[in-house]
Amino acid sequence: MTRTFKGFVAAAMLASGASLTAQSGAPEIAFDSTADLLKTNTDGPNAVFVGEVGGVGQDSRGRIFVYTRTGHPYATLADNRTFQRGGSRLLVFDRTGKMTAEWGQDVYGFNAAIGLRVDPQDNVWTIDEVASQVVKFNPDGSVGLVLGRKPEAIGVRPAAPPAGRGGGPEAGRGGPPAFPPGGPGGRGNALPGSGTPGSTFNRPTDVAWDKQGNIYIADGIGNNNRIAKFDKEGRFIRQWGSTGSENGQFRGIKSLAIDAAGNVYAADHGNKRVQVFDADGTYKSQFTGIGTPLTMCMTTGATQYLYISHSGDADGMEDAYIQKVGLDGKVIGKFGSAGRLPKQFGLANSIDCRNENELLVGEMAVWRVQKIALKK
Amino acid sequence: MKRCFTSSLTALALAGGLALVWAPAQPVVSAQSKATATNVPVIPHEPVPNFFKNPPGIYTGENMGIATDSKGNIYIYHRAYETRLFQYAPNGTFVREIGRGNYGFAFAHSVRVDAQDNIWAVDEGTDTLVKFSPEGKILMTIGRRMDPVFAIANMPGQGAFHGRNEKYRFGRQTDVAWDQQGNIFVPDGYSDGRVVKYDKNGRFVKAVGTRGSGNLQFNTPHSLATDFQGNVYVGDRGNARVQVLDNDLNWKANYPNTGNPWAVCVSGGPGPKNPGKQYLYVSNSWQDSAPAAGAEITGEVYKMELDGTIIGKFGRAGKAPGEFATIHQMDCRDPNTIYTAEINNWRSQKILLKPAAKSSAN
C-alpha cells in the first residue's frame with residue numbers, strides 16, 4: 001500500500017520534472033554479512049594486507065578483484081622534481097575469498113585506488129585518483145588499454161632544515177619552507193600528464209560501458225566535473241558536464257552506471273543526486289532522496305535496479321547505509337548502518353552486484369570487503 | 001573523502017600549479033627542562049647486556065615504541081627503511097615481523113598490548129591506530145591515513161598544530177591505552193591537543209582538551225597510561241607535567257615536578273586487574289636532538305606512586321648501556337623490569353631495577 005502510493009508520487013514527480021525528495025520510510029532489507037571474506041597471508045616478509053578498498057568486482061568465473069590502498073605511497077627525489085610511486089595493489093581472490101594472485105605488480109600508475117569494475121568480457125578496469133588513470137587489464141592480467149596519463153611529478157617542496165642545532169623536541173618539524181611558494185621543485189615546474197585527447201582526467205572515479213562497448217569515464221572528483229565517452233578502442237568521442245548544480249552540472253561525480261537501454265546514471269555526490277543522461281550526454285532526468293551517493297551498481301536482471309551507497313559524514317561512522325533503488329529513483333529498501341562492525345559500512349566505495357542478492361561491498365574507512373546476502 | 005574533494009586548496013593545487021599556502025611555522029617547542037623535584041633517591045638499575053638479538057640482515061632504526069604481552073613477548077615499533085613492527089621472544093631473540101607493508105605504517109610512534117594480547121601500533125605518519133591479533137591479523141583500525149591527493153596538495157607541511165578535532169581522524173596521535181572495560185584512550189597529539197575516548201568497538205565517546213597550558217589543555221600530549229581504576233595519566237610533554245584525568249576525562253590533578261614527560265607507564269599491565277600495587281613511571285627524556293647542554297639536566301626516569309608521590313629515579317642521558325637517549329616509550333608490566341625504547345640510540349634496553357637496595361640521594 002505504502003509502496004504503491006510512493007511509486008505513484010514518484011512517477012508523478014518525475015513526470016512533472018520535479019526532483020524526488022527524501023524517502024525516509026524506505027523499508028529495511030534483511031541481510032547477512034561475511035565481513036572477514038578476504039584471506040591473505042599476513043605473516044612474514046611476504047605478508048599482504050588489504051587496506052582501504054577503492055574497488056571490488058567479480059568476473060564470470062567467480063574471481064574477486066580488489067583494488068586497494070596498501071603498502072606506501074613513495075616520493076622519489078630527483079633532479080628538481082619529486083616522483084610518486086606505489087600505494088595501491090590489485091589483488092585477486094577466488095570466490096571463497098582466498099588470495100590467489102596479484103596483478104599489475106609495480107606498474108606505473110597504481111597510487112591511490114578509487115575504483116574497480118569488471119566488464120562483461122571479464123576485463124578488469126582499475127581507476128586511480130592520483131595517477132588520474134583508468135587501466136584495463138585483460139582476463140589474463142596483461143594491460144589492454146590505458147586511459148589518461150599520470151602527472152609526471154608531484155608538488156613537493158622540501159621543508160627547511162631545522163633552525164639551528166637542537167631546535168627542540170623532535171626538531172625539524174618547525175621552520176619555514178626552503179623555497180617560496182611556486183619556487184624550485186614546485187608543481188609549477190611540472191606539467192601534469194597530457195594524456196590523449198579527451199583523457200586528461202583529474203581524479204577520475206569510475207568507468208562504465210554500453211552494449212556497444214563504448215567507455216564512459218566519471219571525471220570525477222577533481223575540478224573537471226565531466227563525463228568522457230570513448231569508443232571501445234579508446235578513441236575519444238565526446239564529453240559533457242561542468243561544475244555547478246544545474247542540470248548537466250556536477251559537484252563531484254563519484255560513480256557511473258548504464259542501464260540496458262543505454263541511459264547513463266551519474267552519482268553527483270556534492271549535489272546529493274543521481275542525474276540520468278542518454279548515450280550522447282543529453283540530460284534526461286534526475287532523482288534525489290538517495291542521500292549523499294558514494295557508489296552505485298546496476299543489476300543485470302530483466303528488471304534493473306541500482307544499489308546506491310550513502311554516507312552523510314566524511315568517514316562513514318555516523319550516517320550510512322546502502323539502498324536499493326528503481327531506475328525511476330524510487331527507493332525500494334535499504335540496509336546497513338554506519339560504523340566498522342559487520343553489517344555496518346564505513347564508506348562503501350564500491351559495490352559488485354553481479355548477483356542481485358549477493359553483493360560484494362568494499363569500504364574505504366574499514367579495510368575489508370563484505371559479502372552481503374540479501375534476504376528476499 | 002568528502003573533506004578532500006571539497007577542499008578548494010586541493011582543487012586549486014591540482015588544477016594548475018598554483019602556489020600553495022603553508023601554515024606559518026610553529027614556534028619551536030621550548031627546550032627540555034630540568035625536573036623541579038629535588039632530593040630524589042636513586043634506584044639502582046642495571047641493563048641486561050645485549051638483550052635484544054637480531055639475525056643477520058635484521059636491524060631496528062629509531063626505536064619509538066616497546067611493549068610486552070602477557071606471555072613475555074616483546075614488541076618493538078621502529079623507524080628503519082620502513083616503519084616496522086618486530087616481535088621478540090621473552091629471551092630477547094627476534095621472532096618475526098608483524099604488519100609488514102600494511103597501509104597504516106608510515107612513521108612509528110608507539111606500540112601497546114591490550115589485555116587480550118592484541119598489539120596496537122600507533123602511527124603518526126598515517127594518523128592510524130592498527131590493532132593486530134596476536135597472530136598478526138588486522139582486527140581494527142581507527143583514524144585514517146590522509147588521502148594522497150590531499151596530502152600532496154598540503155606538502156611540504158610541517159605537521160604543525162591545526163586543532164581539527166575530528167571524531168574519527170587524528171592529528172598525529174601519539175599513544176593508546178585501555179581501561180578495564182576495553183574503552184580506548186588516545187592522546188592526540190601533535191596537530192590536535194586533546195585526549196579522545198572510544199568504546200571497545202571504536203565508536204567515539206568523547207574528547208577533551210584544547211591547546212594551552214591550563215587544566216584540560218595540552219601542549220603535545222605525548223604518552224598516555226591508565227590504572228586499574230580507569231584513571232588516565234597523560235604525558236603533557238610541552239607543559240612539563242603529567243595530567244591525571246578520571247575515566248570520563250574530567251581533570252583530577254597535575255604532577256608538575258618531573259620534567260617533560262616523553263613517556264609515561266603504569267605498572268601491572270593492561271589487566272585483567274591484578275592485586276599488585278601500581279606505580280607510575282615518567283621519563284624526562286633527553287631531547288631527540290641530543291643537545292650537549294641538555295644531557296646534564298635530563299635523561300632520568302621517575303618512579304612515582306599513582307598519587308604523584310615520587311619514590312625514586314634511575315638513569316641518565318647518554319649512549320652507554322644503562323644510559324638513555326632518547327626514551328620514547330617504556331613498558332613496566334613488571335614494576336622492576338623496565339623496557340625502554342630509545343630514538344637516538346637505535347636500540348631498546350631491558351633494565352632491571354633493584355628497589356630493595358637502599359641508595360643515597362644524589
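Does Lys71(B) count as buried or exposed?

Mentor: Lys71(B) counts as exposed, with 61% relative accessibility. The cut-offs are simple: buried means under 20% relative accessible area, exposed means over 50%, and partly exposed is what lies in between, with a 1.4 Å probe and protein chains only. Before we go on, keep in mind that this is a predicted model, where local features need pLDDT of at least 70 and side-chain atom pairs count only at pLDDT 80 or more, while totals for chains, interfaces and linings use all residues; side-chain values use heavy atoms, without hydrogens and water. As for names, residues are numbered from 1 along each chain as its sequence is written, and chains are lettered from A and ligands numbered from 1 in the order in which they are written.

Now for the partner of Lys71(B). The side chain of Lys71(B) meets that of Asp117(B) in a salt bridge, 3.3 Å from N to O. (A salt bridge is a side-chain nitrogen of Lys or Arg within 4 Å of a carboxyl oxygen of Asp or Glu.) Lys71(B) sits in the loop between strands S2 (62-68) and S3 (74-79) of chain B, and Asp117(B) in the loop between strands S6 (108-113) and S7 (119-123), so this pair ties together parts that are 46 residues apart in sequence. While Lys71(B) is exposed, Asp117(B) is buried, at 6% relative accessibility.

Chain B has another pair to set beside it. Lys197(B) and Asp248(B) form a salt bridge of 3.9 Å, N to O. Lys197(B) is in strand S12 (residues 194-198) and Asp248(B) in the loop between strands S18 (241-245) and S19 (251-255), 51 residues apart, and the pair links distant parts of the chain. In this pair the lysine, Lys197(B), is buried at 6%, while Asp248(B) is partly exposed at 44%. The structure holds 35 salt bridges over all chains. Some of them form a network that links Glu52(A), Asp315(A), Arg144(B) and Arg169(B).

The elements of chain B that give two or more residues to the lining include S2, S6, strand S20 (261-266) and strand S24 (327-334). S24(B) supplies the largest share, five residues. By class, the lining has twelve nonpolar, four polar and three charged residues. Points are joined across faces, edges and corners, and the volume is the space filled by probe spheres set on them. Nine cavities of 30 Å³ or more are counted by this rule.

The bond from Gly271(B) to Pro272(B) is cis, with omega near 5°, and Pro272(B) is in the loop between S20 and strand S21 (279-284) of chain B. Most peptide bonds are trans.

Finally, step back to the whole of chain B. It has three helices and 26 strands, and buried residues make up 60% of its 362 residues. Among its contacts (heavy atoms within 4.5 Å) with a separation of 6 or more, 52% are between residues 24 or more positions apart. Its accessible surface, from the Shrake-Rupley method with a 1.4 Å probe, comes to about 13100 Å², and 54% of that belongs to carbon and sulfur atoms.

Note on methods: Helices (H or I, at least four residues) and strands (E, at least two) are DSSP runs, numbered from the N terminus. On a 1 Å grid over the protein atoms alone, a cavity is a set of points where a 1.4 Å probe fits but cannot get out, and a pocket is an open set with protein on both sides within 12 Å along at least five of seven lines; lining residues have an atom within 4 Å of a point. Ala, Val, Leu, Ile, Met, Phe, Trp, Tyr, Cys and Pro count as nonpolar, Asp, Glu, Lys and Arg as charged, and the others, Gly among them, as polar.
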